[in-house]
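Have the sequence and the 3D view side by side as you read.

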Amino acid sequence: MKDKILKLLLEAKGEFISGEYISEKLGISRSAVWKHIKSIKEEGYEIESVTKKGYRLNQYPDLFVSEVIKSKLNTNIIGKKILCFETIGSTNDHAKKIAKESEEGTIILSEEQTKGRGRMGKVWHSIKGDGIWLSIILKPDIPPYHAPIITQIAGLSVVIALNELGVKSSIKWPNDILINNKKICGILTEMSIEIDRIDHIVVGIGMNVKTLDFPNDIENMATSILKEGYSLNRLDILSRILEKFEEFYTDYVSNNDIEKIANMCKTYSAIIGKDIYVIKGDKRRKARGIDINKNGNLIVEYEDGSSEELVSGEVSI
Ligand code: BT5
């Protein structure tokens, strides 16, 4: 019932709605309305109540609540269905579990992840309330070997969304977003294939927004939006990322233009023209980032003049 009242207040877009209207619309008593409003206020929502006018939502807390996100979001597919959790193991794991019966564009968010994952089972620290821990379920009709481009679409969406909010960042191919050479965001794309077609893809995006103290193992290589000196609302960042993602994803699915995405990623690359290391197992080899080619693969040149096209993998700065 609380969610339904919140929805009505959000739909009123800053105008007053009367207690009578709410009570009639939802079939509850005026005093029940008042009790629910009181408990919504206790969650941090600023609701003004004025005699004869009713209630007005003035401000909401920076929490992930699907009705609030929907009221901000300007998309058709991505985020049409939104699932929000207080805590969860991993949003990617949950997305994979429900993917078959979910519609394309369903998103899963959690305030905290207790088993957040990076690639190859690496730990992804997901502190409560500090970040955007997000998974998007996709069902594109593309060959499985094109799936890595989804990671690049996600990276591009994050970088351009941040750029539009006044924050400069860059992409460390294939799946990291950096600010001042520190990791602010990581992307984990996983897919399920049936014979030679994709059944679904889950793209996981983890972004540190408000973290000031990181766990020891990442304190020197991680950063957050706040730590970099920007005070942005998680909801604003999230809705911008989802809008950008929808724009690039729908364009890609209808035109199949991988080169266009690759070229944009190149523009925002943290490693093209720079000295880097290519990491394979426990070996690090010095190289230079040369190009992101028309297939979205990274071309590197080693010190001995030989070059290599990397389809996936790990590089460090
Ligand atoms: C990634 O893996 O960067 C992908 C991270 C994806 C996280 C999202 S959150 C929502 C969804 N649900 C999940 O369970 N996962 C996704 P990789 O490139 O393998 O990097 C992992 C490495 O990043 C770790 O080994 C640490 O060194 C570092 N790391 C861990 N937590 C971090 C954090 N919060 N911020 C910055 N770096 C971190």
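Which polar backbone atom is 3.5 Å from a nitrogen atom of the ligand? It belongs to Asn 92. Before going on, please note that this is a predicted model, in which local features need pLDDT of at least 70 and side-chain atom pairs count only at pLDDT 80 or more, while totals for chains, interfaces and linings use all residues. Residues are numbered from 1 along each chain as its sequence is written, and side-chain values use heavy atoms, with hydrogens and water left out.

Now look at the whole shell. Around the ligand are 27 residues (each with a heavy atom within 4 Å), and those that come nearest are Ser 90, Arg 117, Arg 119, Lys 183 and Asn 208. By class, the shell has 13 polar residues, Gly counting among these, 9 nonpolar and 5 charged. At least two shell residues come from each of helix H5 (91–98) and strands E5 (131–138), E8 (182–194) and E9 (197–208); helices (at least four residues) and strands (at least two) are DSSP runs numbered from the N terminus.

The peptide bond from Trp 173 to Pro 174 is cis, with omega near 0 degrees, and Pro 174 is in the loop between strand E6 (170–172) and strand E7 (176–179). Lys 52, though not a glycine, has a positive phi of about 70 degrees; its place is the loop between strand E1 (46–50) and strand E2 (54–59).

Conventions: A polar contact is a pair of N or O atoms within 3.5 Å; within protein, one must be able to donate a hydrogen and the other to accept it, and residues adjacent in sequence count only if both atoms are side-chain atoms.
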